[in-house]
Amino acid sequence: MPNYEHNEGVTMNRRISIEVMGTNVKAIAELEDEDAPQTCDAMWGALEVPLVAKVIHAMYAGKEVFIPDFPAVNKTFNAAALPRENATAYPSAGDIGWLYCPPHNERGKKGEVWDLAFAYGREVTFDSSLGIRPITVWAHIIEGLEGFAEQCARIRSDDGPKVFKVQRA
């Protein structure tokens, strides 16, 4: 399992931070390298440059927000070749998922979808206009979930935050 040296030679699993821009809220997530090794490697590589993108609240899934597309600078891997790993349609609060959909996969969606999903509460179903769909869970929030969840819930309103910055921690 990939890991890194942190403070005085202590080895830790790889981590990312998710900052809710315009607030003082930041969550820390640990990569699930053992259960989703190829996805974790792909995401780690994509985050060589911090990913800053608009966040949308899910319509069908419940307490989930998502980034529907990566900036070009973060599209560093062949998304279509990445296998589904550690998949679930029923994530736990704090799970971070990944889903790729090729162009024309759903009615009315002409472009490809690079979906980074953040489950921030219970009773979430990864769902779309096509129905329930399992996606790869590649990381899990281990610090700051409560404040993160409060900000995610606000994304539905006009005054809620709309941009996340996701980067290596």
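**Exercise 1. Determine which residues lie nearest the centre of the largest pocket, and describe its lining.**

*Solution.* 
Step 1. In this predicted model, 22 residues line the largest pocket, and those nearest its centre are Phe-66, Lys-109, Asp-115, Asp-127 and Ser-128.

Step 2. The volume of the largest pocket is about 440 Å³.

Step 3. Next, the lining is assigned to strands. At least two lining residues come from each of β6 (56-57), β7 (64-67), β9 (95-101), β10 (113-119) and β11 (127-128). The greatest contribution is that of β10, with 3 residues.

Step 4. Finally, the lining is sorted by class. The largest pocket has 13 nonpolar, 3 polar and 6 charged lining residues.

**Exercise 2. State the volume of the second largest pocket and describe its lining.**

*Solution.* 
Step 1. The second largest pocket holds about 180 Å³ of space.

Step 2. Its lining includes Ala-79, Ala-80, Leu-82, Pro-83 and Arg-84. Also among the lining residues are Trp-98, Leu-99 and Tyr-100, together with Arg-133, Pro-134, Ile-135 and Thr-136.

Step 3. Two or more lining residues of this second largest pocket are given by β9 and by β13 (135-143). The element that gives the most is β9, with 3 residues.

Step 4. Sorted by class, the lining of the second largest pocket comprises 9 nonpolar, 1 polar and 2 charged residues.

**Exercise 3. Carry out the analysis for Glu-123: find its phi, its location and its exposure.**

*Solution.* 
Step 1. Glu-123, a residue other than glycine, has a positive phi near 60°.

Step 2. The loop between β10 and β11 contains Glu-123.

Step 3. The relative accessible area of Glu-123 is 73%. A residue is exposed when this value is over 50%, so Glu-123 is classed as exposed.

Conventions: Residues are numbered from 1 along each chain as its sequence is written. This is a predicted model: local features need pLDDT of at least 70, side-chain atom pairs count only at pLDDT 80 or more; totals for chains, interfaces and linings use all residues. Side-chain values use heavy atoms; hydrogens and water are left out. On a 1 Å grid over the protein atoms alone, a cavity is a set of points where a 1.4 Å probe fits but cannot get out, and a pocket is an open set with protein on both sides within 12 Å along at least five of seven lines; lining residues have an atom within 4 Å of a point. Grid points are joined across faces, edges and corners, and a volume is the space filled by probe spheres set on the points. Helices (H or I, at least four residues) and strands (E, at least two) are DSSP runs, numbered from the N terminus. Ala, Val, Leu, Ile, Met, Phe, Trp, Tyr, Cys and Pro count as nonpolar, Asp, Glu, Lys and Arg as charged, and the others, Gly among them, as polar. Buried means under 20% relative accessible area, exposed over 50%, partly exposed in between (1.4 Å probe, protein chains only).
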